[in-house]
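Student: Could you pick one part of this model and take me through it closely? Once that's done, I'd like to see what else goes with it.

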Amino acid sequence: MADADGQAEAVLRLHRLASSQGAAEAAFAAADHLPELSTGHTLYAFGTALALVLGDAADQLDEVVDTLDEGAGQPDEAAGQ
Amino acid sequence: MTPTPSSSPGRAASDGIGAWRRVRRPGAALPAIYPWAARPQDIWDVVRKIDGALATLADIQRSLPQPHPDAGPALGDAREAMMVLRDAFAELAEVVDAESPRVEAARRAGDADAVRKALRSLARADGRCRRRVQAATAVLEARLGSRRPREPSSPGPVLRSVEEVRDRAYPSSLHRVVAVRETAATVSDSELRQLAVARPEVVGPLDGLPTWVRMLANRTLLRRELDVLAQQERRVEDALHAMPEGSKVGEVMARLRVALSSRDGLTAVWALPWDDPDTLRGDVRARIRLLLDLLHDRPQGQPRQVLLVSIGGRGRLIEAFGDLRAARHLAIVVPGTGTALRGFHQPSETAKALAGEPGVAAIAWMGADFPLAFANESPFRRYADSAAEPLRDFVEAVSEQGQRPHLSLVGHSYGGAIIGAAERAGILADTLVHVASAGAGPGVASVRDYPDTDPLGRPRVVRRYALVAPGDPIRWAHRVDVSRPWSLGPVPASWLAAAQRWVSPVDLGVDPSRLEGVENLQAGVWLVDRPGHRRGEPVAGASGHADVVMPGTTAFAEIRRVISTALGEN
């Protein structure tokens, strides 16, 4: 169960890192606040791609959490029978 | 003393632009880069934020007990890309730190060659930074492109059955919701899950399917819509890059246009076509942020509950807060003028606050087009008319997910006219709350204009409430009474028919607080100190129009009370 809890907590943090206030925030803020910078014109594409890569990884890791949860649930179910 | 660029960025930037213009030769190819070069601290901020995100990612990677064969390399790519961004901006900031004082010194000395030389150095650093960020973006996009699509077993017969039921002709769209629900009841959860994965565009918006399967499908749709938005943003950026520098008059007109049609602060005055690339860019960027949050923000550790999403046109979005299955009371918040994907945070905040009580869930509803501006859109009934049936059908779809909860509709401003229109279409709700409502519904002059039964013949028993702050300008909307056109002023009898035809499109119904049997609630006072408001201050005037749905007011407490009190409860 400790593994499942630890995994769930880490994946939750990864989801938050994939939100607009997470890893992409620096790129988005730079694009919004420094529009004259020619780099600024590339930063939303960068931030969006970064957030999507992190988010897809978080979604995949959610599946691992589900597997661990199911594994942790089996002995209890067996004990209850 | 003349301020240095780093001590007074705004002043220094404008000085710098002036210097650049003075030294700029006609037809020079160099960009006007001085404004950002005067703000090295903004560039260092990016470096610091990325450092923070890199540390968080490293910590997450360390604390993952079980890796994933695809997620591991993806996180590695993300980390590499973040380091590229960090290093590119650190180098840029160092060049700016070194060159900005040289630009300033050369400008003061009137040395145009030295100014140009320093500006060229800054432009080269900017170009290097851009190329590195673009290369890192390409790596990330290659990673996204290599994602293996899921290939679930075919949902064949289930899909055909659902589509056949959806596309059949019915006496009303409400009959369709019931038919879809009955069909879904014959299909296993695992088959529904497969259908959601294989055909999210069918499942996500379909009223009558269980809410859990719609939420699952809508996560996939959100992900798809983000891909579309990312491409849109790139196209708009390219268009902006290709635009020639505009004239002063054009610039002023563009600013005026944005100010009139802006939806970030006050309600827009006039809705305009969104063909201005600057406005489009702001809108696309706001949508990207919203959709990323809907996908990956985790309030209280739980995923967001999206029951409808579409980015086409003005967009559609419905989000639930709280536990829909366990809720004894369910409130649906229907917002007013200015509601679009950008600006959806306002009804969301109201719904989220209402769902804060035990046993109460709430939904922010934007299942139709809303008027965007109060001058040329919100006086008209067409938005309320076209939202009535979608709202009625959605309410049917969410209210039968187990034991039927006590169901309330909270219509704010133009949303009041929408819930009135839905009532006219026979919506089956227990409590209707008109909050600063624009009207009782198009064509409604009395409660007798609402039907006694819904289109399925079920009896309607509704408690109605109205709440308007003293001095709220919405009262002007109630001056137009199509049943009494002379209420606008003396109208000769021969003009009555023409007057009625004229006011019909702007007929949002009578003031709901005058309807028979309506209980009027008090707007009261602010119960807490808030920025711009003191405890004990009355909720009144123009600001009272929005304040009545703000937590911390008597008005909000009254709304919360009536939506969490079913008939017969105290």
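Tutor: Let's begin with Phe28(A), which counts as buried because its relative accessibility is 0%. Buried means under 20% relative accessible area, exposed over 50%, and partly exposed in between, with a 1.4 Å probe and protein chains only. Keep in mind that this is a predicted model, where local features need pLDDT of at least 70, side-chain atom pairs count only at pLDDT 80 or more, and totals for chains, interfaces and linings use all residues; side-chain values use heavy atoms, leaving out hydrogens and water. Residues are numbered from 1 along each chain as its sequence is written, with chains lettered from A and ligands numbered from 1 in the order in which they are written.

Now for the ring's partner. Over all chains the count is 3 aromatic pairs, using rings of Phe, Tyr and Trp (its six-membered ring) with centres within 6.5 Å; planes under 30 degrees apart are stacked, over 60 edge-to-face, and the rest tilted. Phe28(A) and Tyr44(A) have ring centres 4.3 Å apart and planes at 15 degrees, so this pair is stacked. The pair ties together distant parts of the chain, 16 residues apart: Phe28(A) belongs to helix 2 (residues 25-33) of chain A and Tyr44(A) to helix 3 (residues 40-80) of chain A. Helices are DSSP runs of H or I with at least four residues, strands are runs of E with at least two, and both are numbered from the N terminus. Tyr44(A) is buried too, because its relative accessible area is 1%.

The charged end of Arg382(B) sits over the ring of Phe380(B), 5.1 Å from its centre; the rule wants NZ of Lys or CZ of Arg within 6 Å of the ring centre and within 35 degrees of the ring normal.

How do the chains meet? In all, 63 residues of chain B are in contact with 54 residues of chain A, contact meaning heavy atoms within 4.5 Å. About 5,100 Å² is buried between chain B and chain A, 66% of it from carbon and sulfur atoms; that is the accessible area (1.4 Å probe) that two parts lose on being put together, summed over both. On the chain B side, Arg285(B), Arg289(B) and His296(B) lose the most area to chain A, together 13% of what that side buries. The predictor's ipTM for the complex is 0.87, with a pTM of 0.86.

As for chain B itself, it has 18 helices and 8 strands, and 50% of its 570 residues are buried. Its helix 7 (residues 173-184) has 12 residues and reaches 17 Å from first C-alpha to last, close to the 16 Å expected at 1.5 Å a residue, where the expected span is 1.5 Å times one less than the number of residues. Buried residues there include Leu174(B), Val177(B) and Val178(B), and their cover includes helix 6 (156-167), helix 8 (189-198) and helix 14 (382-399) of chain B.

One caution on confidence: chain B averages a pLDDT of 84, with 80% of the residues at 70 or above, pLDDT being the predictor's confidence in each residue, from 0 to 100. Over residues 1-32 of chain B, though, pLDDT stays under 50, and the model has 43 contacts beyond four places in sequence for them.
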